[in-house]
Amino acid sequence: MAQYWPEFLSLAIIHFVAVILPGPDFVITVRQSLRYGRLHGAMTALGIGIGLSVHILYTLLGVGALMQASPWVLQLAKLIGAAYLIYIAIQLLKSAGKIQLDAENAQAGGSSQSLTKAFGLGFLTNATNPKATLFFLAIVTNVVSQGTPLYIQMFYGAWMCSVNALWFICVSLLFSAPSSRAWFLNKMSLVEKALAVLLMAFSLRLLIA
């Protein structure tokens, strides 16, 4: 294992920088934490962490190399991811004026959204996130040597999934804290519209890149 520490540290640092840069995962975690509260935000964050395993799996199976060699496959992945982000953005716009009921339900210990749905939303957001796809194709496949044993690569994957989940759990804790959440709830209609615009911008940037 010692001989792979330089490779692991390089990957871990690059991955952490990529994780903390705001993207669709951040937008969804913030929205879930503000609208439904801490537990739903944390479950969404956990879904995001597990969703990364999809990208890890196709990289380990060699699909990443296929996507690099076949531009149309990468374009298809980008289109699917962008379409999902646009769908979520539209849902945010539709629900922008309905925050008060969900906020009251969350404070009372209930919610109009199940924890399973919160987890699934996080999972799909990351699993279809073109940003994560591009990260694995452009970075992971170049940083990680083809000679690195499979069990070491699986350790890398488990580490990245854990970091993803922990980071977005921290984000959920920050935005679901009573003081910050109360402030944002007063402006939630505008916040959700702004988050929807950000998702639209992310999707359009991916489509024209």
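My notes on the fold, the cores and one threonine follow.

**Ground rules.** I am working from a predicted model, where local features need pLDDT of at least 70, side-chain atom pairs count only at pLDDT 80 or more, and totals for chains, interfaces and linings use all residues. I number residues from 1 along each chain as its sequence is written, and side-chain values use heavy atoms, with hydrogens and water left out.

**Fold.** I found 11 helices and 0 strands in the chain; these are DSSP runs (helices H or I, at least four residues; strands E, at least two), numbered from the N terminus. For contacts, I took heavy atoms within 4.5 Å. Among those between residues at least 6 apart in sequence, 90% join residues at least 24 apart.

**Burial.** I noted that 47% of the 209 residues are buried (under 20% relative accessible area, 1.4 Å probe, protein chains only).

**Cores.** A nonpolar core here is a set of buried Ala, Val, Leu, Ile, Met, Phe, Trp, Tyr and Cys residues joined through side-chain atoms within 4.5 Å. The largest has 21 residues, and Val-30, Ile-88, Leu-92, Phe-168, Leu-195 and Leu-199 touch the most other members. Helices α2 (24-36), α3 (38-60), α5 (71-95), α9 (150-176) and α11 (188-208) each supply at least two residues of this core. Apart from it I found another core of 16 residues, among them Phe-8 and Val-140.

**Leu-199.** Leaving out residues up to four places away in sequence, I see Leu-199 touching Pro-24, Val-27, Ile-28, Leu-85, Ile-88, Ala-89 and Leu-92.

**Thr-44.** Is Thr-44 buried or exposed? Thr-44, in helix α3, is buried, with a relative accessible area of 0%. With the neighbours up to four places away in sequence set aside, Thr-44 touches Ile-28, Gln-32, Ala-118 and Gly-122.

How values were computed
Buried < 20%, exposed > 50% of the residue type's maximum accessible area, 1.4 Å probe, protein only.
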